[in-house]
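Please keep the sequence and the 3D view open while reading.

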Amino acid sequence: MKKKYVIGIIIIIILLISSATLFFWPPSFKLKGNNITLKYGQDYKEPGYTVTKFGKDYSKKVKIKDKINPKKLGTYEIIYELKLHGITYKQIRKVTITDKEKPKITLNGNQNITICPNANYTEDGYTAIDNYDGDITDKVQVKNENNKVTYQVTDSSGNTAKITRTITKEDKTKPSITLKGNQNQTIYLGTSWQEPGYTASDNCEGDITNKVVVTGSVNIKKTGSYKITYTVKDNIGNSFETYRIIKVINKPVTNNTNTNAKGVIYLTFDDGPNEGTTNVILDILKKENVKATFFVTNKGPDYLIKREYDEGHTVALHTASHDYATVYKSVDSYYNDLTQVQNRVKRITKTESKIIRFPGGSSNTVSKKYSKGIMTTLTKDVLSKGYHYFDWNIDSDDAGSAKSSSAVYNNVVRNLSKNKANIVLMHDIKTPTKDALTSIIKFGKNNGYTFAKITMDTPMVTHKVNN
Ligand code: ZN
């Protein structure tokens, strides 16, 4: 063989080997990123890969086998395969799904609880939810040490959650005392007074009526104001105090058999003033030179009250609203209503009136519906406040069945007496009353009666109290 051929063959062999080598040369197959750890619930995102050989991109030929179960913790393999010239190239990426999230404990009720010193904490409850395990409430361990309640739970991946509830034992709430009967009471000199009773309760200890200490006393033989004090203390030392004022007053001079006023007619007009009737009544009284008494309300125009006062009559108080439900709702409500009309009169006449008449009279029973016993209280209490109240002993019945002037006239004159002070109930808002007035006055004058207005010196004429 000649050298030439040998060299040629060698070259050919070299060429064959090199082209085979180049042909079977493995591609560059690279995964972007390494093994991946995912949090449970986090989506897997392919980070990508590159496959090149001599500058040519083979990535589209890669097949991916992905066995990830995102609902289950664990380590999974993603297999990347590339078949090139009958040879299979593989890359593997490991994907681990882990749970590093703590479970969440939720407490029922407040995290910081204050309870009475004598109370035991009763568990308000709780729930524990884990992102992977779900409800693991039954795995919660509860420990109560020194009024710190600790709740601890660990999920299947070993993540532990802990929460503490603090229990504070204290009592900063005062007890309270409820008085039976009215706080302000009035009795007549020489009559007995008995404690109407009371109850005391405490937020922690319940009924502590037996712990109430009562101090003070009432001297029924001496007029004056007496204070009875009620004090109570709970076991912690919170205390509460209240009091009652008992006024002992002289029994007022009342009466229907008052000798000084025998044969005197006191004309009294309630519920006004009223445009159209009150002014006519005032005209008649002026003409006849008779003085009368007006128990006014908040109705009607101011100028009629001014006229009543300027023309020498007594402007007395009936209440502002005359509404039974308002007036007799409570003692406070009564005074509130009375004060309103008192202020009106004061504003118009520049004089404070202390002469009053209860709507319905002191004998009314309608007040029972709104407040039991209120008339018993009020009839004494108004006296202790310096008021004089007047009922009547002759009823014209002009607010009832007397619808004509002759009926009003007859109801009045047939009941007049020379042996008493005649307190005549009429209403200056009534037309038959204004029409009967001249005749009534003429009858009185012709039969030897005199007329007078009620003043603070007039002995009270009062009914029997029925409520
Ligand atoms: Zn009335």
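**Zinc site, disulfide and domains**

Along the sequence, the residues that donate to the zinc ion follow the spacing D-x46-H-x3-H. The model is a predicted one. Its chain is assigned four stretches as domains: domain 1 (2-98), domain 2 (104-169), domain 3 (176-249) and domain 4 (259-451).

**Zinc site**

- Asp271 (OD), His318 (NE2) and His322 (NE2) coordinate the zinc ion, at 2.1 to 2.2 Å.
- Asp271 sits in the loop between strand 22 (264-270) and helix 2 (278-288), and His318 in the loop between strand 24 (314-317) and helix 4 (324-327).
- Asp271 and His318 are 47 residues apart, and the pair links distant parts of the chain.
- Both Asp271 and His318 are buried.

**Disulfide**

- The structure contains 1 disulfide.
- This disulfide joins Cys116 and Cys204, with 1.9 Å between their sulfur atoms.
- Cys116 belongs to the loop between strand 9 (112-115) and strand 10 (126-130), while Cys204 belongs to the loop between strand 17 (198-202) and strand 18 (206-207), so the bond ties together parts that lie 88 residues apart in sequence.
- The link between Cys116 and Cys204 is left-handed, with -85 degrees about the S-S bond.
- Cys116 and Cys204 are both buried.

**Domain layout**

- The centres of domain 1 and domain 4, taken over C-alpha atoms, are separated by 116 Å.

Notes:
Residues numbered from 1 in each chain as written. Predicted model: local features only at pLDDT ≥ 70, side-chain atom pairs only at ≥ 80, totals over all residues. Heavy atoms only, no water. Disulfide = S-S within 2.5 Å. Helix = DSSP H or I, 4+ residues; strand = E, 2+ residues; numbered from the N terminus. Buried < 20%, exposed > 50% of the residue type's maximum accessible area, 1.4 Å probe, protein only. Domains from an automatic or database assignment. Donors = N, O, S within 2.8 Å, 3.2 Å for Na, K, Ca; no water.
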